[in-house]
Amino acid sequence: MNASTKTLTQNTEGTASQVPLELLDSIEVGIAVLDRNFTVHVWNKFLENHSAKKAQSVIGGSIFSHFSEIDEAWLRTKIDPVFNLKSPVFIIWEQRPFLFKFTCNRPVTCAAEFMYQNVTIFPIVENNGRVERFCMLVYDVTEQALGKLGMEHLNEELKTASRVDGLTGLFNRRYWQERFDEMYKLCVRRGKPSTALMLDIDHFKRINDTYGHQAGDKVIQMLAALIKRCVRETDLAGRYGGEEFAIMLNDSTVEDARAVAERIRQLAQRLTVEHEGESISFTVSLGLAQFSADFKSAMAWLECSDQALYKAKESGRNQYCIYE
Ligand SMILES: Nc1nc2c(ncn2[C@@H]2O[C@H](COP(=O)(O)OP(=O)(O)OP(=O)(O)O)[C@@H](O)[C@H]2O)c(=O)[nH]1
């Protein structure tokens, strides 16, 4: 079959017309005509170029034998309404990024792994009113898809940035409080034991004054990394203020939390932060408060761990205290 002399029979408002393939070859849309058996009858230049398969080699064969990436069962089901209802079918890239796995060769979209496609499939109604064939229009929508995906990625990054403290990578105070509030409500509903922990570096002002603000920042960073190592993924650790951290230990009684607090305290005491040839040691104080139904709000609960922290400071620092 000679592709260049072939014509495509289309149904336009009930009348059949012949479209020369020269015209179909000149547009930047993939055009294929297939029959009920998915045998290819028309394969235009766009499809030739992007598939690197000449019309002569594709025409007369099954689309599935040429393009193994097409999910046959899915496409057969998808195309049902074309024959049964004589209605068009649309496949958009958000549902399925592509029908044919073509690579991208345009300057803007060449970074994409493949060509994102929207596909329209409509019935070709023969003169006798029957549908024996259908036409597939394959649109290259890579540019739009990359734009949208890029925007989504950017939004995701912005969302993360708005939740995370830049210096430590822990949750920032605002987001931590939001999540803590949710967890408080869960505790009220489920009554499971959980413990709120407040932690503060001892005499941090002295570290800043002695070694400089940058050294102080490094101490905060190293301590944050240590905290991350000591808590579970289901716990909630945040930088609450300058050198103050808040941790919500989920499903932990104050006894469990006591072990975590003591571990953090000991590891912090042993940690040495190197900065410009100086070795900086420091200690931390911690306050713990287990959830109680008496707490009227998340903040009331946190206030109790803060009181315990204050007691730890008052009692000589480098220790944890429990809110009674
Ligand atoms: N380097 C650095 N310092 C900070 C940061 N945020 C707050 N600070 C400093 O942390 C110090 C906190 O000092 P204080 O609140 O007096 O407490 P402290 O010296 O740790 O004493 P205690 O808590 O009583 O043991 C202040 O000097 C703040 O300027 C920060 O992000 N980086």
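View A. With 9 C-beta neighbours inside 10 Å, Glu 276 counts as exposed (a residue is exposed if 12 or fewer other C-beta atoms, placed from the backbone, lie within 10 Å of its own, buried if 20 or more do, and partly exposed in between). The model is predicted, with local features needing pLDDT of at least 70 and side-chain atom pairs counting only at pLDDT 80 or more, while totals for chains, interfaces and linings use all residues. Residues are numbered from 1 along each chain as its sequence is written. Glu 276 is in the loop that lies between strand S11 (272-275) and strand S12 (278-281), where strands (E, at least two residues) and helices (H or I, at least four) are DSSP runs numbered from the N terminus. Although not a glycine, Glu 276 has a positive phi of about 45 degrees.

**View B. Lys 86 in a loop between a helix and a strand.** The loop between helix H5 (72-84) and strand S5 (89-91) holds Lys 86, whose phi is near 55 degrees, a positive value in a residue other than glycine. Lys 86 is partly exposed, because 16 other C-beta atoms are within 10 Å.

**View C. Contact of helices H9 and H10.** The axes of H9 (residues 213-230) and H10 (residues 254-270) come within 10 Å and cross at roughly 145 degrees, axes being lines fitted to C-alpha atoms over the stretch in contact, with angles running from 0 to 180 degrees between N-to-C directions. Leu 223, Leu 226, Ile 227 and Cys 230 in H9 meet Val 260, Arg 263, Ile 264, Leu 267 and Ala 268 in H10, a contact requiring C-beta atoms, placed from the backbone, to lie within 7 Å.

How values were computed: Two residues are in contact if their C-beta atoms, placed from the backbone, lie within 7 Å.
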